[in-house]
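Visitor: I'd like a close look at one part of this model. Could you pick a strand and walk me through its surroundings?

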Amino acid sequence: MISESGIQDAVVTDGDKYSVVLENERVRVLRYHDKPGDRTFQHAHPDYVLYAESSFKRRLTFPDGQRHEVEVKAGSIIWMKGHVHIGENIGDTHTDVIIVELK
């Protein structure tokens, strides 16, 4: 799948890290898992809710070159507007999240 911006879907770019666990006409639910040092290819997400199953530290790099580092605690629930990014695990723990993308 390619987004309206022409950027590829995360399941296409990083199928070794993202898997679809449910999809219908309203939402798509993804499971994401990586390990320290892993990095994704650039990909797009629509608006989504993220549930952190583990605590982790990541760097997000946006198409304009801006970088944002985040530390997320297990059990956190985060709302994100749709965007394009590259994600990198810069911590010393695995990243395990559930992402509910809105359609």
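Guide: Here is a walk through strand β4, its sheet and a residue on a partner strand. Bear in mind that this is a predicted model. Strand β4 covers residues 48–52, and it belongs to an open sheet of five strands, ordered β1-β2-β9-β4-β7 with antiparallel pairing. At the edges you'll find β1 (18–23) and β7 (77–80); each has a single partner strand, so one side of each lacks a neighbour in the sheet. From one strand to the next, the twist averages 20°.

Now for β4 itself. On one flank, β4 pairs with β7 in the antiparallel sense over four bridges. There, Y48 has M80 as its bridge partner, and L50 stands opposite I78. With β9, β4 again runs antiparallel, this time joined by five bridges, and here L50 is partnered with I99.

What does the E101 side chain make a polar contact with? The side chain of H45, at 2.8 Å. Setting aside neighbours within four places in sequence, E101 touches R26, V27, R28, L30, H45, P46, D47 and Y48.

Technical notes
Residues numbered from 1 in each chain as written. Predicted model: local features only at pLDDT ≥ 70, side-chain atom pairs only at ≥ 80, totals over all residues. Heavy atoms only, no water. Polar contact = N/O pair within 3.5 Å; in protein donor to acceptor, adjacent residues only side chain to side chain. Contact = heavy atoms within 4.5 Å. Pairing = 2+ DSSP bridges. Helix = DSSP H or I, 4+ residues; strand = E, 2+ residues; numbered from the N terminus. Axes fitted to C-alpha atoms, helices over the stretch in contact; angles between N-to-C directions.
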